[in-house]
Amino acid sequence: MSAREFNFDGLVGPSHNYAGLSFGNVASFSNVKSASNPREAALQGLAKMRELAARGFAQAVMPPQARPNFRLLRRIGFTGTDADVLARAYRESPVILACAYSASPMWTANAATVSPSADTFDARAHFTAANLNNKLHRSEEHLQSTRTLRALFADERHFAVHEALPPTSAFGDEGAANHTRFSATHGGKGVEFFTYGRVEFDPSAPAPKKYPARQTLEASQAIARLHGLDSARTVFASQNPDVIDQGVFHNDVIAVGNGNVLFYHEQAFHDEGAVLNALRNALAGVETELTAIRVDTQVVPVGDAVASYLFNSQLLTKPDGTMALVIPQECQENRAVARYLEELVASGGPVDELIHFDLRQSMRNGGGPACLRLRVALTEAEAQAMHQGVIMTDALYDTLVAWVGKYYRDHLEPKDLADPQLALECSAALEELSRILGLPGLYDLT
């Protein structure tokens, strides 16, 4: 059955700020407490969406989440009016206030894991919201993620949206950032590839020593069961713990896949040979041959890959069947990476075009092109059944640009999070956004 892959890009929220909350994410940690520009961040993301839509890729918008998270602040003892809550939280624990204001839901690769209907037991597209329980500022995102997914994919004849896994360390789940799908076509049967950083119930399994491993094998296995995946077409692979300790907090910082292509760094996996063999054997079952593009350490060191986000790119199949690599501007500013990419495009392999975007506001907070999007392969019937108001068009782009200009600040510092007016601005912005997207009741703003 024919299908298209939709990229649901996260719309950057009006509270976009640099709080350095994500230990293990080098870019996030290195820009802590610097001033951000929410307006520029949102416009950079929208420009990427519009350009890819104009090129013929299926593109949609994932709405931001409500911020600040007053529910979190009140649950931990901050009381009084909203203004009182903000003032006291800023005075007593500005880090927790920053958690309540985090704009991290913009990185929708962490919103959920998605299995298209061609792979599942009941021929429906399945979604499981990620619990993101490794970080306080992300640990409640699954509540709104589930609500949003159920609003976008409400027709239960075509879609199943599961609750997040139990919020314990055994089921640490970071969503599609540690999941890739390989297939001959988006509509054909595929191989689902889960990567994990540690095994909760096997202390002898490889694990990083410096930074936390956020995804467990147990979580990946649970999602495969929930989605009803065929075990013969499901592969689980351990990340290399050494690269996690070099800032590779998700697999999508060191590898990306699309179609039958795996683009990866030689240090990405704990056992590279075993991973490639498992993928080749599984793909043979769907009559597809793996094309592996390996980047050697001597050509691009891990540090350069992380700094440039070379692998946090989007690998997209163009209408003519060739592939384009969507990269951040930083890739062209890193000498080793720029040289490698020039050779890659000239090599005659599947990747014959580079599309680059200025995403510096997102990059400074630790997220590149791949972080910003959730991949959802949909048949024609499924695409018609999903909510249409989020599909990127020229008209929607123009409306959202005007909306950003109306509500978003162009300068935000940590001290501004204590300003009650910012909370009012965020609430008003999301009320209007829900009308723009045709999603009444999307937010609980009470």
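**Close-up views of a predicted model**

E92 is partly exposed, with a relative accessible area of 46% (buried means under 20%, exposed over 50% and partly exposed in between, with a 1.4 Å probe and protein chains only). The model is predicted, so that local features need pLDDT of at least 70 and side-chain atom pairs count only at pLDDT 80 or more, while totals for chains, interfaces and linings use all residues. Residues are numbered from 1 along each chain as its sequence is written, and side-chain values use heavy atoms, with hydrogens and water left out.

**View 1. Salt bridge between R88 and E92.** The closest N and O atoms of R88 and E92 are 2.7 Å apart (a salt bridge is a side-chain nitrogen of Lys or Arg within 4 Å of a carboxyl oxygen of Asp or Glu). Both residues belong to helix α4 (residues 82-92), where a spacing of four residues separates them by about one helical turn (helices, H or I of at least four residues, and strands, E of at least two, are DSSP runs numbered from the N terminus). R88 is partly exposed at 30%.

**View 2. Salt bridge between R294 and E266.** Here the closest N and O atoms are 3.0 Å apart. The pair links distant parts of the chain, 28 residues apart: R294 lies in strand β11 (residues 291-295), and E266 in the loop between β10 (261-265) and α9 (272-284).

View 3. Strands β12 (residues 314-317) and β13 (residues 323-328) pair in the antiparallel sense over four bridges (pairing requires at least two DSSP bridges). L316 stands opposite A324 in β13. Among the five residues between the strands, G321 takes a positive phi near 95 degrees.
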